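Hi everyone, thanks for making time.

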Amino acid sequence: MSLPLYKDFNKVVTDLLNDDYDFKHFLKVKTKAPQGVTLTTTTELNSNGGKVSVGGKVSAKWAHESGFALDKLEVKNNGSVVVETSLTGVAPGLKFEFKGDDSNKGDLGVVYKQQQYTAAAEVDVAEFSAAKASVLAGTGPYTGGASATVSLGDKVDFKSFDVAGSYSVSQKYFAGLSVTDKFSKYGLSLAYFGGGAYTLAGLFDFKPETSAKLLTFGGAYKCNPNTNIKAKVNSNGIVSASVKQSLSTDASVTFATEIPTNDFSAYKFGITASLG
């Protein structure tokens, strides 16, 4: 099994603390179209100052047996277009990617995966303003890696340089440490897996230069095969909770809420229904 990308080294923690906390109102419908195309229609209900409006987007996904894939062709209600493609099969473990839109964004990337490391590089081919590279390597329970972003153009300069490492025991514990913003910000990620029924996770960010810090602690509890309950709280006094109910193998509904303890009137509430 290959390692994830560097940016996902602590994905087990960030997913638990971020997924299923959407405070908007969505209806997502996924359908199968001819020639192996998958269509996803997302409808969003917005309410602002007593006025209700409906927005949304449509995206398509398709893969060819040659290894070329249209990972996303998305059209939003304002007419903007997003395109993501990939190509595999050129060489074992090698994948080429392109991500662009109609607002002068175009990133060409390459990912190379082997059993003990994953390397990635990306360059802005639309404006040639930046290039990124990262690597994550590991052996046994240990992983470590680095990521760098270089600005291009008239002056070449390092925009960022980050390092990270982790220790994990499969389905039991995870601990990760990251150093970002040119060694000026530190992050600690922790997770405990309670036998499949519940998971606990924490994320602590600290910047010594400004003494800024943020602690987020949360957990997830699968009370039955179809219901997953999550809750989290951070050091700013914001409490969040969500409940995801699976109605069938291809249908679910998620309720989420967020309440600032210093102003209960500023609460947020969202519902996401998914079909297909």
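Let me start with a term: buried is under 20% relative accessible area, exposed is over 50%, and partly exposed is in between, using a 1.4 Å probe and protein chains only. By that cut-off, K7 counts as exposed, because its relative accessibility is 62%.

Quick housekeeping. This is a predicted model, where local features need pLDDT of at least 70, side-chain atom pairs count only at pLDDT 80 or more, and totals for chains, interfaces and linings use all residues. Residues are numbered from 1 along each chain as its sequence is written, and side-chain values use heavy atoms, with hydrogens and water left out.

Now, charges. Side chains of opposite charge can pair when their charged atoms come close. I'm calling it a salt bridge when a side-chain nitrogen of Lys or Arg is within 4 Å of a carboxyl oxygen of Asp or Glu. How many salt bridges does a search of the whole structure find? Six.

One of them joins K7 to D8, at 3.6 Å from N to O. Another pairs E74 with K57, with 3.7 Å between the closest N and O atoms. That one links distant parts of the chain, 17 residues apart: E74 is in strand β4 (residues 68-76) and K57 is in strand β3 (residues 51-63). Helices (H or I, at least four residues) and strands (E, at least two) are DSSP runs here, numbered from the N terminus. So is E74 buried or exposed? Buried, because its relative accessibility is 7%. K57, at 34%, is partly exposed.

There's also K95 with E97, again a salt bridge, at 3.7 Å from N to O. K95 comes out partly exposed at 30%, and E97 is partly exposed too, at 22%.

On to the nonpolar core, meaning a set of buried Ala, Val, Leu, Ile, Met, Phe, Trp, Tyr and Cys residues joined through side-chain atoms within 4.5 Å. The largest has eight residues: V13, L16, L17, F174, A191, F193, A201 and A220.

Contact means heavy atoms within 4.5 Å. Skipping neighbours within four places in sequence, A201 is in contact with several residues, including V13, L16, L17 and A191.

Last stop, S151, in strand β10 (residues 142-151). S151 is buried, because its relative accessible area is 15%. Beyond four places in sequence, S151 touches S129, A130, V156, D157 and K159.
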